[in-house]
Structure formats: structure tokens, C-alpha cells
Amino acid sequence: MTDIDGERRSLTADGVLVAATVAAGLMAGTFYVFACAVMPALARSEDRVYVDVMRDINDVIQNPVFLLAFMGALALAGLAGWQSRRTPGRWWIWAGATAYALAFLVTVGGSIPLNDALARPGDPAALRERFEDPWVAWNVVRAVLSTLATACLAWGSAVRGRPAHSAPRTPRRPTPQHVPPTAPR
């Protein structure tokens, strides 16, 4: 392996880590917006409006752009973790990959089944009663996990370029030059 190949691999690994961080950040932002704006606004709605809007959101969010970030964050964070073995910052990268994997599992195991139940026919008040509080709670969990993932991946990226076990350098004071005494003339 030449230095050029090693440098190319390092740049590729850095690109994967940056892409994983961005994708996790996009997902954290999505979940954050739902927690801070979408769900509080919908909470003011009547049951029929609430159910109809959430059904519409659940339909339109299944698009290539969203799925690229949602699935991409998981795949890229895992790949970044694998590529980071034996490098400084690897534990931060693995922590970020793990946090995002947990957010992904919360979505698959908590939010999606609730979305599916909301899509079934039924009384809007009863559907909302079973959906709203658990969905909001699971969304907060995945927002926190995705934010944690983003922070860990970003920190892993920051420390990845540092040499292992390096101490911060302190500037050295200049030492006076030794000047031999001059001989009498």
C-alpha cells in the first residue's frame, strides 16, 4: 500500500464520516421539528383533522429524499464505525453509530406500528387517543438519540485527525544564546 492509497482511503473514510454526520443531523432536525412545531400545532386540532393530517404526513414522508437520509444515516454511520477501527476517535464514532441505530430501532419498533394503526379505519377520537401520546414520546426519544448520534459523530470526526495520546503543545520560551566573553584587545 502506498501513501497515496493510504491518503485516498483516509479521504474516503473522512467523506463517509462527514456524510454520516450530515445524514444523522438531518434526521435529528426532522424529529426536532416534529417535537417542537408539528405535533404541538396538531395538538390544537380537532380529532378528524389531527388524524387526516398525520395520515397525510405518514404518506408523503415515505419519499426518496427522506428515506435516503433515514436509511443512509444508519448505513453510513455503521460504515464510518468500521472504517474508524484503530484510529483516534473511533469510540465516539461507534457511539454515534449506536445512538443512531437505536433511533432507527425506535422508529421501526415504535413509531411505524403507531403510524400503521392510525392508517386503519376507525373513530378519529379513538385512533388519536391510542396514537398521540405514545407517538410524541417515541419521537422525543428518537430526536434525542439522533442529536446524540450527530454530536458523537462530529466529535469523532474532530478527534480523528489528532495523533493518539497527544498532549496539547505549549509554546516554548526562547532560550538566551550563550555568548562567549570577548577577549581583551
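Predicted model: local features only at pLDDT ≥ 70, side-chain atom pairs only at ≥ 80, totals over all residues.
The protein chain contains 5 helices and 0 strands, and its elements follow the pattern α-α-α-α-α along the sequence. Of its 185 residues, 33% count as buried.

Helix 3 spans residues 64-83 and comprises 20 residues. The distance from its first C-alpha to its last is 26 Å, close to the 28 Å expected at 1.5 Å a residue. The helix carries a kink of about 35 degrees, centred on Gly72. Gly72 is itself among the buried residues of helix 3, a set that also includes Phe66, Ala69, Phe70 and Ala73. Ala77, Ala80 and Gly81 are likewise buried in this helix. At the start of helix 3, Asn63 places a side-chain oxygen within 3.0 Å of the backbone nitrogen of Val65.

At least two residues of the patch come from helix 3, and at least two from helix 4 (90-119). Leu79 is located in helix 3. With a relative accessibility of 35%, Leu79 is classed as partly exposed, because this value falls between the limits of 20% for buried and 50% for exposed residues.

The loop between helix 3 and helix 4 contains Arg86. This residue adopts a positive phi of about 60 degrees although it is not a glycine. Arg86 has a relative accessible area of 71% and is therefore exposed, the cut-off for that class being over 50%.

The structure holds 3 salt bridges. Side chains of opposite charge can pair when their charged atoms come close. One of the salt bridges joins the side chains of Arg128 and Asp47, with an N to O distance of 3.1 Å. Arg128 belongs to helix 5 (residues 124-160) and Asp47 to helix 2 (residues 47-60), so this pair ties together parts that are 81 residues apart in sequence. The two partners fall into separate accessibility classes: Arg128 is buried, at 9% relative accessibility, whereas Asp47 is partly exposed, at 30%.

Arg128 also forms a salt bridge with Glu132, at 2.9 Å from N to O. Both of these residues lie in helix 5, where they are 4 residues apart, about one turn of the helix. An α-helix has 3.6 residues a turn, so residues three or four places apart point the same way. Arg128 and Glu132 are both buried. Through these contacts, Asp47, Arg128 and Glu132 are linked in a network of salt bridges.

A further salt bridge connects the side chains of Asp52 and Arg48, with an N to O distance of 3.3 Å. Asp52 and Arg48 both lie in helix 2, at a separation of 4 residues, or about one turn of the helix. Asp52 counts as partly exposed at 30% relative accessibility, and Arg48 is also partly exposed, with a relative accessible area of 42%.

Key:
Residues numbered from 1 in each chain as written. Heavy atoms only, no water. Expected span 1.5 Å × (residues − 1). Bend = angle between axes of the 7 residues up to and from the residue. Buried < 20%, exposed > 50% of the residue type's maximum accessible area, 1.4 Å probe, protein only. Polar contact = N/O pair within 3.5 Å; in protein donor to acceptor, adjacent residues only side chain to side chain. Salt bridge = Lys/Arg side-chain N within 4 Å of Asp/Glu carboxyl O.
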